[in-house]
Amino acid sequence: MTSLHLTYLAAEQKSAEVTDWSARIGWLVGLALFIALVYWLMREGWKWRGTLQSDLPELPARPSPTTTLNGGGKPPLSGMPSEPGAAKLTMSGRYHGSTTAGQWLDRIVAHGLGTRSRAELTLTDAGLDVVRPGASDFFIPAEALREALLGKGIAGKVLSEGGLLVVTWEHGDKLIDSGFRSDRAAEHNEWVDTLNSMINKVNTTEGA
């Protein structure tokens, strides 16, 4: 093979390498634009869902400012005790979201309920206090609690069977499922039993 042929082949290989590199860059740019578009559409969908849920009332205020991590809670609700009382149960874990009760894909995003986060739960006679570092805290009065059960999925999040504590509560005219996962999943059964016992007691008292 002559030196001319070798030079020609080398030039062809170099040209092919440059062409492949350009195509790769174009493909990566196109992929980045596609991901950006999907993210934008998801963000707009989130905002639109929040707009549709704008009729959901503000979340209940906790019974005492002292129940927040840093103080500064809202004034207690009318008729609610100024102090929540002794803690029945506490939990450290994660908040995985809220949905319309019984519809685990119908995510609720209004008032920060759509934001997944760490969570510190405290159950007292007054209700369930949910403190979320970096996200909006909320409080579920005892009379608003409806049911507690073990689940495996909520708001698009799927876990192992029984890996989720699902608390059903009423807010305004809407029933809401909120999903929590303890750092110690073995606690879930105790939470279900205690919450349902508390709910039955409240219902019995109200019906008396």
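Buried means under 20% relative accessible area, exposed over 50%, and partly exposed in between, with a 1.4 Å probe and protein chains only. Keep that in mind for this predicted model, where local features need pLDDT of at least 70, side-chain atom pairs count only at pLDDT 80 or more, and totals for chains, interfaces and linings use all residues. Residues are numbered from 1 along each chain as its sequence is written, and side-chain values use heavy atoms, with hydrogens and water left out.

**Overall build**

- The protein chain holds two helices and 10 strands; these are DSSP runs numbered from the N terminus, with helices being H or I of at least four residues and strands E of at least two.
- Reading from the N terminus, the order of elements is α-β-β-β-β-β-β-β-β-β-β-α.
- Of the 208 residues in the protein chain, 37% are buried.
- A contact means heavy atoms within 4.5 Å. Among contacts in the protein chain with a separation of 6 or more, 59% are between residues 24 or more positions apart.
- The protein chain has an accessible surface of about 12,300 Å², and carbon and sulfur atoms supply 58% of that surface; the areas come from the Shrake-Rupley method with a 1.4 Å probe.

**Aromatic rings**

- A pair of aromatic rings is described by the distance of the centres and the angle of the planes. Here, rings of Phe, Tyr and Trp (its six-membered ring) pair if their centres lie within 6.5 Å, and planes under 30 degrees apart count as stacked, over 60 as edge-to-face and the rest as tilted.
- That rule gives three aromatic pairs. In one of them, the ring centres of tyrosine 95 and phenylalanine 180 are 5.6 Å apart with planes at 50 degrees, so the pair is tilted.
- Tyrosine 95 belongs to strand 1 (residues 89–100) and phenylalanine 180 to strand 10 (residues 174–182), so this pair ties together parts that are 85 residues apart in sequence.
- Tyrosine 95 is buried at 0% relative accessibility, and phenylalanine 180 is buried at 0% as well.
- Phenylalanine 138 and tryptophan 169 have ring centres 5.9 Å apart and planes at 15 degrees, so they are stacked.
- Because phenylalanine 138 sits in strand 5 (residues 138–141) and tryptophan 169 in strand 9 (residues 164–171), the pair ties together parts that are 31 residues apart in sequence.
- Phenylalanine 138 is buried with a relative accessible area of 1%, and tryptophan 169 is buried at 0%.
- Tyr95, Phe138, Trp169 and Phe180 are linked by ring pairs into a cluster.

**A buried aspartate**

- Aspartate 177, in strand 10, is buried yet has no salt bridge, and arginine 146, the nearest side chain of opposite charge, is 11 Å away.
- A salt bridge is a side-chain nitrogen of Lys or Arg within 4 Å of a carboxyl oxygen of Asp or Glu. For charge, Lys and Arg count as positive and Asp and Glu as negative, while His and the chain ends are not counted.
- The side chain of aspartate 177 has a polar atom 2.9 Å from the backbone nitrogen of glycine 102.
- Beyond its neighbours within four places in sequence, aspartate 177 contacts residues including Gly97, Ser98, Ile154 and Val166.

- Histidine 111, in the loop between strand 2 (107–108) and strand 3 (117–124), has a positive phi near 60 degrees although it is not glycine.
- Histidine 111 is partly exposed at 27% relative accessibility.
- Proline 141 lies in strand 5 and is buried at 7% relative accessibility.

Conventions:
A polar contact is a pair of N or O atoms within 3.5 Å; within protein, one must be able to donate a hydrogen and the other to accept it, and residues adjacent in sequence count only if both atoms are side-chain atoms.
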